[in-house]
Amino acid sequence: MPHKSLTVVDLFAGVGGFSLGFLKANAKPDSLAFDLKLLVDIDPSAAFTFKKNRPRIPFWPQDLSKISGPEILALLKLRPAQLDFLVGGPPCQGFSPNGKRWLEDNRNQFIAKFIAIAEHLQPKCAIIENVPAAVASFEKLSSEQIQEAFDGYVVATMVLNATAFGVPQIRKRAFIVALRKDLGITHITFPKGGFDPVEAGSESHNLSKAECRFVSVSDAIGDLPSLKAGQSADGDPYPTPPESAYQSDRRKNCLAVFNHTARSHSKEFQQKISPIKPGTGNSHLPDDTRFSDNYYSQAYARLHAQGVGFTITANFRNPGSGRFTHYRDNRSITVREAARLQSFDDNFIFHGYETDQQRHVGNAVPPLVAEALATHFGSLLCNT
């Protein structure tokens, strides 16, 4: 028997990765029941993409700096303290030890806005996603400032590695969770995940899965059509049956491959990257063929089929910006391959210009991580 419905509002939502995780939690047997009330983000292309995929869920393409908490309550016809979850990923540029109070630092204006809206909505649980530096910032703050920011809440922070939740990508993000004190929860725990949190320097592709449990790159994208640079399989049927449980899960309710178009690369560029072996990069090329040594270590790096991916960014179509070269094909990964590495299901189709699609995929909270948070904290709320 499902639990009572838990309401959710997603601020700074981007393309909706956080929200999709809550929706995924709905699909499990004897599941929690999450009711997505509203997503808000300034990016109209993100709103368009989400609405094309989930047309029944409200998305407000608005600048959050111009929105107040009371406006959101009026829009949703809610009273303060009625909302269950307020989630989001407000950009946070760090903490300065120069004596300025944290929320008065202009670099943190978006996280300050999130907290200001939370003060009006008074949700039972607020979850903020950000880069790991955000947690480091919190650790430098006095407990007085933290308590002042989240007045009436118990607050905890944790850096989670997406690989621990079955995401085939080493992606560390900070999560700040605030639970309203009247719930009676004095100690906050975080979900652990069913896999190992793989570290970037572990050479995980050399470890057997008996030693290290993770979803590999080939587990994630090995069933997608092979493409040469410039080729497209957008809208084509799947060429083979799924080869892993991860692929089966991503394919549910989808009959074809979308967003699978390879970027065009010159023949000279393809010849230059062809000697790069899986799991290696620019630094492994001979001196006379290497790209500039000014690039960082993951530049022009090739994925390893039996390893895990590195953090998907908003520039994954550029081989020089990270470990984004396909393990087999001489090209950068496609939008669909990046979406698979982020744990998006195949039936979520990305729209807009190529730069929009890269941003939407690269900036998203991986839905599998969001699902774990939704299930963990949703169960807490239902048991209080």
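Modeller: The structure, a predicted model, holds twelve aromatic pairs, where rings of Phe, Tyr and Trp (its six-membered ring) pair if their centres lie within 6.5 Å, and planes under 30 degrees apart count as stacked, over 60 as edge-to-face and the rest as tilted. One of them joins F22 and F85 in an edge-to-face arrangement, at 5.4 Å centre to centre and with 65° between the planes. This pair links distant parts of the chain, since F22 belongs to helix α1 (residues 17-26) and F85 to strand β4 (residues 85-88), 63 residues apart; helices (H or I, at least four residues) and strands (E, at least two) are DSSP runs, numbered from the N terminus. F22 and F85 are both buried, a term that means under 20% relative accessible area, with exposed over 50% and partly exposed in between (1.4 Å probe, protein chains only).

A further pair is made by F269 and Y300: the ring centres are 6.1 Å apart and the planes stand at 55°, so the pair is tilted. F269 lies in helix α9 (residues 267-273), whereas Y300 lies in the loop between α9 and β11 (309-310), so parts that are 31 residues apart in sequence are tied together. F269 counts as buried because its relative accessible area is 17%, and Y300 likewise because its value is 8%. One aromatic cluster is formed by F18, F22, F34, F85 and F175.

Residues are numbered from 1 along each chain as its sequence is written, and side-chain values use heavy atoms, with hydrogens and water left out. As the model is predicted, local features need pLDDT of at least 70 and side-chain atom pairs count only at pLDDT 80 or more, while totals for chains, interfaces and linings use all residues.

Rings also take part in arrangements with charges, where a charge sits over a ring if NZ of Lys or CZ of Arg is within 6 Å of the ring centre and within 35 degrees of the ring normal. The charged end of R250 is placed over the ring of Y246, 4.6 Å from its centre. R323 lies over the face of F310, with 4.5 Å to the ring centre.

On a 1 Å grid over the protein atoms alone, a pocket is an open set of points with protein on both sides within 12 Å along at least five of seven lines, a cavity is a set where a 1.4 Å probe fits but cannot get out, and lining residues have an atom within 4 Å of a point. The second largest pocket has a volume of about 540 Å³, a volume being the space filled by probe spheres set on grid points that are joined across faces, edges and corners. Of the 24 residues in its lining, K24, D249, R250, D345 and E371 lie nearest the centre. Helices α1, α8 (245-251) and α12 each supply at least two residues of this lining, and α8 gives the most, with four. By class, the lining of the second largest pocket has twelve nonpolar, four polar and eight charged residues; Ala, Val, Leu, Ile, Met, Phe, Trp, Tyr, Cys and Pro count as nonpolar, Asp, Glu, Lys and Arg as charged, and the others, Gly among them, as polar.

E371 is found in helix α12 (residues 367-382), and it is buried because its relative accessible area is 8%. Apart from residues up to four places away in sequence, E371 touches G21, K24, A25 and K28, contact meaning heavy atoms within 4.5 Å.

The largest pocket holds about 660 Å³ of space. It is lined by 33 residues, of which F12, D41, G89, P91 and N363 are the closest to its centre. Here α11 gives the most to the lining, with three residues, and the lining divides into 14 nonpolar, eleven polar and eight charged residues.

L160, N161, A162, R171, R173, F175, P366 and V369 line the largest cavity; strands β6 (153-161) and β8 (172-180) each supply at least two of the lining residues.
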